[in-house]
Amino acid sequence: MATLNIIQVRCIDRQDRVGPDKFSVYIDGRKHAGEFTIGADETLLLNTAYEFQGRADVELWEEDSGTGNDDKLGGFWAEEGEIGDGELEKSFSFARRGDYNMWYEVKA
Ligand SMILES: [Ca+2]
């Protein structure tokens, strides 16, 4: 078993043209955290934990309330093999708008 800690998410550039973004983190197909309101140049501390074996499918979504057309900013696999690697960083972008970074750590 391993524990995935999503440390924080930074919005560099919003995905929505109007108003703040609302992002959520999905892991293995289920909503893990969110939704959170965030603006450009803002960082939100999450410090969430998720236990998994092998690898976990992490996705970052920007949610468009009521439209049913939420925007997937991207995803990656967190792996048990990353235990001991310390804080890791992933970048996400959606078409021409929406740039995010996420920091996470995999612990035993
Ligand atoms: Ca959107």
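Before going on, a word on the model. It is predicted, with local features needing pLDDT of at least 70, side-chain atom pairs counting only at pLDDT 80 or more, and totals for chains, interfaces and linings using all residues. Residue numbers run from 1 along each chain as its sequence is written.

Two terms will come up a lot. Strands here are DSSP runs of E with at least two residues, numbered from the N terminus. Two of them pair if DSSP finds at least two bridges between them.

Back to our opening pair. S7 and S8 are paired in the antiparallel sense, over six bridges. Together S7 and S8 make a hairpin with five residues between them, and in the turn you'll find Ala95 with a positive phi of about 45 degrees.

On the other pairing, S8 (residues 99-107) meets strand S1 (residues 2-13), antiparallel again, over nine bridges. Look for Arg10, which stands opposite Asn101 in S8.

Now zoom out. These strands belong to an open sheet of four, in the order S4-S1-S8-S7, with antiparallel pairing. At the edges are S4 (42-52) and S7 (88-93), each pairing on one side only. From one strand to the next, the twist averages 25 degrees, where axes are lines fitted to C-alpha atoms and angles run from 0 to 180 degrees between N-to-C directions.

There is another open sheet of four strands, also with antiparallel pairing, in the order S3-S2-S5-S6. Its edge strands are S3 (30-38) and S6 (71-79), and each pairs on one side only. Ignoring direction, neighbouring strands of this sheet are turned by 15 degrees against each other on average. Strand S2 (residues 21-27) pairs with S3 over seven bridges, in the antiparallel sense. One place to look is Asp21, whose bridge partner in S3 is Ile38.

So what about the inside? The largest nonpolar core has 18 residues, and Leu4, Leu60, Ala78, Tyr100 and Met102 have the most contacts inside it. By nonpolar core I mean buried Ala, Val, Leu, Ile, Met, Phe, Trp, Tyr and Cys residues joined through C-beta atoms within 7 Å. Buried means 20 or more other C-beta atoms within 10 Å of a residue's own, with C-beta atoms placed from the backbone. At least two core residues come from each of S1, S2, S5 (55-62), S6 and S8.

Let's finish at Leu60. Leaving out residues up to four places away in sequence, Leu60 touches Phe23, Val25, Leu73, Gly74, Gly75, Phe92, Tyr100 and Met102, a contact being C-beta atoms, placed from the backbone, within 7 Å.

Notes. Buried ≥ 20, exposed ≤ 12 C-beta atoms within 10 Å, placed from the backbone. Contact = placed C-beta atoms within 7 Å.
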